[in-house]
Amino acid sequence: VLKEDASLPAAVRIKLNNKSVELGDGKDKKGARVKVFGRIHELRVQKTATFIILKDGYGKLSCILPAGDLTKNYDALMFALETALVLYGEMRATPEGVTADDNRELHVDYYKVLGAAPSDLDAITNKVSMQQDPWDAAMLDNRHLVLRGENASAVMKLREFVELAFIDSYREMHFRKVSPPAMVQTQVEGGSTLFKYDYYGEEAYLTQSSQLYLETVIQSLGDVYCIEKSFRAEKSLTRRHLSEYTHVEAELDFIEFDDLLEHIEELISRVVDKVLADETARGYMETLNPGFQKPSRPFMRMKYEEAIEWLNKQDPPILNEEGKPHVFGDDIAEAAERRMTDIINRPIFLTHFPVEIKAFYMKKDPNDLRVTESVDVLMPGVGEIVGGSMRMDDYAELIEAYKKNGIPHEPYYWYTDQRKYGSSPHGGYGLGLERFLAWMANQHTVRTCSLYSRFMGRCKP
Ligand code: 4AD
């Protein structure tokens with residue numbers, strides 16, 4: 001059994017992002033004696049010493065256990081990836097020619113194993129998660145272990161940063177954060193993707209979007225936003241559809257369509273700037289998407305009608321879902337949209353979609369009543385990451401729109417009422433956080449952008 005040498009200075013507990021620790025030089029200058037908790041990320045047993053790369057969720061640290069009492073015992077023989085332990089020792093600068101995280105290494109004088117691990121984890125952590133198919137059921141069943149890996153956890157760390165960058169950007173632009181309900185009795189984006197459930201004997205749904213609620217508070221709170229979960233009973237398995245996703249939504253009062261487009265471009269640019277300006281976040285980007293470049297402004301703007309022409313003009317033409325050339329009124333399906341975005345290879349604001357293929361609440365373009373003042377933001381590699389529009393602000397027109405879409409208007413009285421009590425030109429949008437992240441972090445699918453992704457056939461672990 002190991003014993004701590006009582007004559008050594010008391011060890012100070014640090015987390016691995018603490019970089020202000022005094023470093024020794026291995027000769028006259030002593031470094032601080034510290035105590036670090038973590039898990040074994042890499043392990044190398046050599047004749048002279050055992051080398052451990054320790055990780056604690058904040059950083060990594062090279063640790064050296066000189067061969068001897070520290071290595072010739074049962075615990076050390078059982079060291080494996082993910083073994084949890086606390087290590088004590090002197091922090092020193094790494095010698096010339098050696099590379100290590102933060103240019104420092106821990107010369108261990110004592111440790112305790114807190115939680116051993118079997119030695120089969122290699123197969124499930126980082127290196128493998130890069131190569132394995134993220135659609136693979138084994139990967140998803142083992143998500144709790146996959147998240148131990150460097151890449152999977154880097155995506156989650158970047159995700160937190162991106163979410164906070166949205167919050168900061170909204171604060172700078174004077175938006176107020178609210179928290180609308182997730183349990184609702186109205187639909188926003190069509191009945192086919194509603195998750196229904198029994199609410200004390202009444203039919204209720206998990207929200208598809210907080211938009212309608214945001215629209216009811218701009219009058220008293222000004223421009224508002226929320227970052228909440230949205231739910232869609234998507235019946236197709238694609239790499240960008242989840243059943244539960246994080247929805248960044250905002251609503252702006254007293255604006256015109258162009259103001260909305262400007263705002264979305266400004267928001268995306270601010271978030272990207274914040275990520276690139278932060279040393280830690282940039283580190284994640286370098287791991288995940290080293291070639292990333294901030295999109296140049298202004299973003300490309302293209303009307304739906306121009307996109308239809310563009311698709312047909314390609315050689316060979318990019319066809320619709322029935323294998324025919326696109327005609328005005330067609331939905332631009334995911335495959336076609338993705339091809340277009342990848343060929344153009346820069347963010348596109350696709351605007352002015354036909355009334356028939358868009359949601360009931362969208363305002364018509366006064367200059368062309370066939371189309372709506374609507375926008376999808378398309379990103380290379382992902383496709384649509386934002387959907388937004390100006391909202392119908394005329395009472396009678398909205399009542400008519402419910403009818404046309406076969407939606408009973410009574411349950412929406414609280415939404416319709418805004419058109420009665422001081423209506424205003426307003427608009428907003430929703431951005432899928434996982435899709436935004438898939439774009440920034442160069443992920444093949446939104447599934448690796450969610451902590452535990454939910455999609456058709458997958459509601460565990
Ligand atoms: O285009 P959508 O359906 O628009 C709305 O829900 C509006 N009511 C939002 C608003 O104006 N406040 O969805 C907006 C965005 C999409 O562009 C996409 O990024 C994301 O939400 N999204 C999904 N992300 C992952 N999985 C799904 N099943 C998604 N459905 C939409």
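# Notebook: the ligand shell and other features

I began with the shell around the ligand, which by class holds seven nonpolar, eight polar and eight charged residues. For this count, Ala, Val, Leu, Ile, Met, Phe, Trp, Tyr, Cys and Pro are nonpolar, Asp, Glu, Lys and Arg are charged, and the others, Gly among them, are polar.

I noted the basis of the work next. The model is predicted, with local features needing pLDDT of at least 70 and side-chain atom pairs counting only at pLDDT 80 or more, while totals for chains, interfaces and linings use all residues. Residues are numbered from 1 along each chain as its sequence is written, and side-chain values use heavy atoms, with hydrogens and water left out.

**Entry 1: the ligand**

Which residues come nearest to the ligand? I found Glu189, Gln211, Arg232, Glu249 and Glu384, out of 23 residues around the ligand. A residue is near a molecule if one of its heavy atoms lies within 4 Å of it.

I then looked up polar contacts, that is, pairs of N or O atoms within 3.5 Å; within protein, one atom must be able to donate a hydrogen and the other to accept it, and residues adjacent in sequence count only if both atoms are side-chain atoms. Gln211 places a polar side-chain atom 2.7 Å from a nitrogen atom of the ligand. For Tyr361, an N or O atom of the side chain is 3.4 Å from a nitrogen atom of the ligand. For Arg391, the side chain has an N or O atom 2.9 Å from an oxygen atom of the ligand.

On its own the ligand has 630 Å² of accessible area, and the protein covers 94% of that area. Such areas come from the Shrake-Rupley method with a 1.4 Å probe; for residues, only the protein chains shown count as cover. Two or more residues of the shell around the ligand come from each of β12 (244-253), β18 (383-390) and β19 (426-432). Helices (H or I, at least four residues) and strands (E, at least two) are DSSP runs numbered from the N terminus.

**Entry 2: a histidine in β12**

I followed strand β12 to His247. Is His247 buried or exposed? His247 counts as buried because its relative accessibility is 6%; buried means under 20% relative accessible area, exposed over 50%, and partly exposed in between, with a 1.4 Å probe and protein chains only. The side chains of His247 and Tyr245 are joined by a polar contact of 3.2 Å.

**Entry 3: the chain as a whole**

I counted 14 helices and 19 strands in the protein chain. The chain has 461 residues, and 51% of them count as buried. Its C-alpha atoms fill a box of roughly 85 × 50 × 45 Å along the principal axes.

The domain assignment gives domain 1 (12-119) and domain 2 (137-449), with bounds that come from an automatic or database assignment. The centres of the two domains, taken over C-alpha atoms, are 46 Å apart.

**Entry 4: helix α14**

I turned to helix α14 (residues 433-440), where Glu434 is found. Glu434 is buried, as its relative accessible area is 2%. Glu434 and His241 stand 193 residues apart along the chain, yet their C-alpha atoms are separated by 9.5 Å. Just after α14, Asn442 takes a positive phi of about 55 degrees.

**Entry 5: cysteines**

How many disulfides does a search of the whole structure find? I recorded zero disulfides, a disulfide being a pair of cysteine sulfur atoms within 2.5 Å. Cys459 is exposed, with a relative accessible area of 65%, whereas Cys63 counts as buried at 1% relative accessibility.

**Entry 6: backbone exceptions**

Most residues other than glycine have a negative phi, and most peptide bonds are trans. I therefore listed the exceptions below.

- Tyr200 is not a glycine but has a positive phi of about 45 degrees; it lies in the loop between β9 (195-199) and β10 (202-206) and is exposed, at 75% relative accessible area.
- Asn345 is not a glycine but has a positive phi of about 55 degrees; its place is in the loop between α11 and β14 (348-351), and it is exposed at 53%.
- The peptide bond from Arg297 to Pro298 is cis, with omega near -5 degrees; Pro298 lies in the loop between α9 (279-288) and β13 (300-303).
- The peptide bond from Asp315 to Pro316 is cis, with omega near 0 degrees; Pro316 lies in the loop between α10 (304-313) and α11 (334-344).
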